[in-house]
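Hello,

Here is the structure for you to open. My notes follow below it.

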Amino acid sequence: MKLAPSILAADLADLAAALAVCEQGGAELVHVDVMDGHFVPNLSFGVPVVKALSRRTELPLDVHLMVSNPDRLLDDYLAAGADRIAVHWEVAEHVHRTLGRIREGGAEAGVVVNPGTPVELLEDVLEALDFVLVMSVNPGFAGQAFIPRALDKARRLRGMIERLGLTVEIEMDGGLDPDTVPRAVEAGVETCVVGSAIFGREDPLAAMAEIRARAAEREVR
Ligand code: DX5
Ligand code: ZN
């Protein structure tokens with residue numbers, strides 16, 4: 001399992017410390033939630049923040065674009081140092097073209113699906129993407145309760161990917177913690193985004209270790 005701590009849940013006045021936690025805890029990715037106050041009610045990080053993060057860490061930046069018009073912003077986030085970019089299916093009108101632009105820009109391309117969006121809709125673009133981000137909360141805020149239905153969605157997606165003989169990574173985001181991460185891994189999720197259950201804990205490094213240990217129990221079975 002790959003762990004992608006979501007720095008939205010960290011102390012936003014000290015993002016360098018959040019990056020240090022990611023590095024010391026052996027995170028594979030740093031998850032960066034970009035929100036525009038329009039597609040989602042919240043506002044968060046913009047291009048300058050992504051640029052600053054990329055200057056401060058070697059870890060790949062996993063940029064989750066929760067914005068109404070992702071096409072307008074793609075080039076800026078690519079230039080800012082995003083290593084992976086995921087756009088929401090619900091707002092990407094020409095998703096195949098958008099994914100192509102992300103790949104041409106040298107980043108891994110992903111599509112995000114909200115809890116109400118069926119993964120079956122992705123069948124015809126699966127070849128054009130590197131990963132699918134399955135939301136297990138409604139996007140907008142850290143610290144929300146996990147929606148169990150997302151597990152069934154991950155299983156269906158895993159089946160679809162295997163049936164088509166593709167290599168597409170499944171990532172999950174929202175409400176993941178030491179109890180829900182193992183269930184996600186069992187459902188075929190390879191990358192877990194974790195916010196509050198890392199940065200909301202007194203000892204974030206111990207929290208990361210616990211999550212990994214709990215996930216490993218399921219991986220060997
Ligand atoms: C929600 C964001 C998530 C969030 C995860 O809109 O996309 O990445 O920060 O936080 P937790 O793990 O607290 O649900
Ligand atoms: Zn996210």
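**Leu 59 and its surroundings**

Leu 59 touches Cys 22, Glu 23, Ala 27, Glu 28, Val 30 and Asp 83, leaving aside residues up to four places away in sequence; contact means heavy atoms within 4.5 Å. This is a predicted model: local features need pLDDT of at least 70, side-chain atom pairs count only at pLDDT 80 or more, and totals for chains, interfaces and linings use all residues. Side-chain values use heavy atoms, without hydrogens and water, and residues are numbered from 1 along each chain as its sequence is written.

Leu 59 sits in the loop between α2 (47-56) and β3 (61-66). Helices (H or I, at least four residues) and strands (E, at least two) are DSSP runs, numbered from the N terminus. Leu 59 is buried, at 16% relative accessible area. Buried means under 20% (1.4 Å probe, protein chains only).

**Zinc site**

Which residues coordinate the zinc ion (ligand 2)? They are His 31 (NE2), Asp 33 (OD), His 64 (ND1) and Asp 173 (OD), at 2.0 to 2.3 Å. Donors are N, O and S atoms within 2.8 Å of the metal (3.2 Å for Na, K and Ca); water is not among the atoms, so sites may look incomplete. His 31 lies in strand β2 (residues 30-35) and His 64 in strand β3, so the pair ties together parts 33 residues apart in sequence. Both His 31 and His 64 are buried.

**Cysteines**

There are zero disulfides, a disulfide being a pair of cysteine sulfur atoms within 2.5 Å. For Cys 22, the nearest cysteine sulfur is that of Cys 192, 15 Å away. Cys 22 is buried, with a relative accessible area of 0%.

Best regards

Technical notes: Chains lettered and ligands numbered in written order. Buried < 20%, exposed > 50% of the residue type's maximum accessible area, 1.4 Å probe, protein only.
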